[in-house]
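Okay, thanks everyone, let me get the slide up. I'd like to walk you through how two chains meet.

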There are 2 protein chains.
Amino acid sequence: MGGACERARLPVVTFDVLVEVRLRPGIADPQGATIERSLTALGFVGVRDVRVGKAIRFTLDAPDEASARDQVTELCRRLLANPVMEDVDVTVAARSPATP
Amino acid sequence: MGGACERARLPVVTFDVLVEVRLRPGIADPQGATIERSLTALGFVGVRDVRVGKAIRFTLDAPDEASARDQVTELCRRLLANPVMEDVDVTVAARSPATP
């Protein structure tokens with residue numbers, strides 16, 4: 001019961017999180033190279049350096065933005081990205097109360 | 001030779017383009033569901049609605065931003081995205097002359 005009270009007192013904010021995982025510069029990107037060749041074949045000249053990464057979006061409940069960022073950094077390290085080959089960009093935005 | 005003059009007169013700007021392709025709401029996303037289950041199993045509670053999309057980055061030479069956007073819209077339609085199942089977000093930013 002104490003636990004329930006404790007939980008009820010914690011303010012929880014919902015954050016919209018975007019994690020962009022992309023290959024580090026210098027790592028070969030065959031998917032990007034294929035897209036680049038196809039675009040050139042379709043007549044889109046002037047397209048260069050195509051790189052394909054992942055855009056992972058989710059919502060996260062956390063008490064505040066610092067704690068949300070810490071959690072996202074940790075879950076990138078443990079699951080979403082391979083730090084040897086990939087770079088990560090994290091965007092964390094508190095959802096406004098108007099958007100349920 | 002006339003062609004070369006013509007080409008020399010055209011101002012060309014380099015744009016950094018980011019195309020985010022994501023599944024439309026309601027379309028099943030097994031990759032996102034798997035990540036969500038794994039994160040929960042790793043102890044990250046409070047993570048919901050995981051969706052995995054593609055983040056495609058490239059550079060594009062175009063005379064101006066409007067023309068760059070038109071080209072990107074067209075190449076999304078013709079190659080990068082499936083409009084039946086996917087939504088697209090396009091970000092186009094002119095590269096500053098300081099960044100070669």
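Predicted model: local features only at pLDDT ≥ 70, side-chain atom pairs only at ≥ 80, totals over all residues.

So, how many residue pairs are in polar contact across the interface of chain B and chain A? The rule finds 12, counting pairs with both residues at pLDDT 80 or more.

Staying with charges for a moment: between chain B and chain A the count is 4 salt bridges. One to click on is Arg48(A) with Asp61(B), where the closest N and O atoms are 2.9 Å apart.

Now, which elements of chain B do the touching? Those giving two or more residues to the side facing chain A are β1 (13-23), α2 (30-41), β2 (47-62) and α3 (65-80) of chain B. The most comes from β2(B), with 15 residues. If you sort that side of chain B by residue type, you get 16 nonpolar, 7 polar and 10 charged.

Next, the overall numbers. The contact takes 33 residues from chain B and 33 from chain A. The area buried between the two chains is about 2,900 Å², and carbon and sulfur atoms give 58% of that. On the chain B side, Phe44(B), Arg48(B) and Arg57(B) lose the most area to chain A, together 20% of what that side buries.

We have 6 strands forming an open sheet, and the order goes β3(A)-β1(A)-β2(A)-β2(B)-β1(B)-β3(B), with antiparallel pairing. At the edges sit β3 (86-94) of chain A and β3 (86-94) of chain B, each pairing on one side only. Neighbouring strands are turned by 20 degrees against each other on average, if you ignore direction.

Where the chains join, β2 (residues 47-62) of chain A runs antiparallel to β2(B), and the two pair over 11 bridges. To find the spot on screen, look for Ala55(A), which stands opposite Gly53(B). Moving into chain B, β1(B) and β2(B) pair over 9 bridges, again in the antiparallel sense. There you can pick out Val13(B), opposite Ala62(B).

Helix α2 (residues 30-41) of chain A lies across β2 of both chain A and chain B, running at about 125 degrees to β2(A). Then there's α3(B), which packs on the sheet and touches β2 of chain A as well as β1, β2 and β3 of chain B. The direction of α3(B) makes about 125 degrees with that of β2(B).

Note on methods. Residues numbered from 1 in each chain as written. Chains lettered and ligands numbered in written order. Heavy atoms only, no water. Contact = heavy atoms within 4.5 Å. Buried area = accessible area lost by both parts, 1.4 Å probe. Salt bridge = Lys/Arg side-chain N within 4 Å of Asp/Glu carboxyl O. Polar contact = N/O pair within 3.5 Å; in protein donor to acceptor, adjacent residues only side chain to side chain. Helix = DSSP H or I, 4+ residues; strand = E, 2+ residues; numbered from the N terminus. Nonpolar A, V, L, I, M, F, W, Y, C, P; charged D, E, K, R; others polar. Pairing = 2+ DSSP bridges. Axes fitted to C-alpha atoms, helices over the stretch in contact; angles between N-to-C directions.
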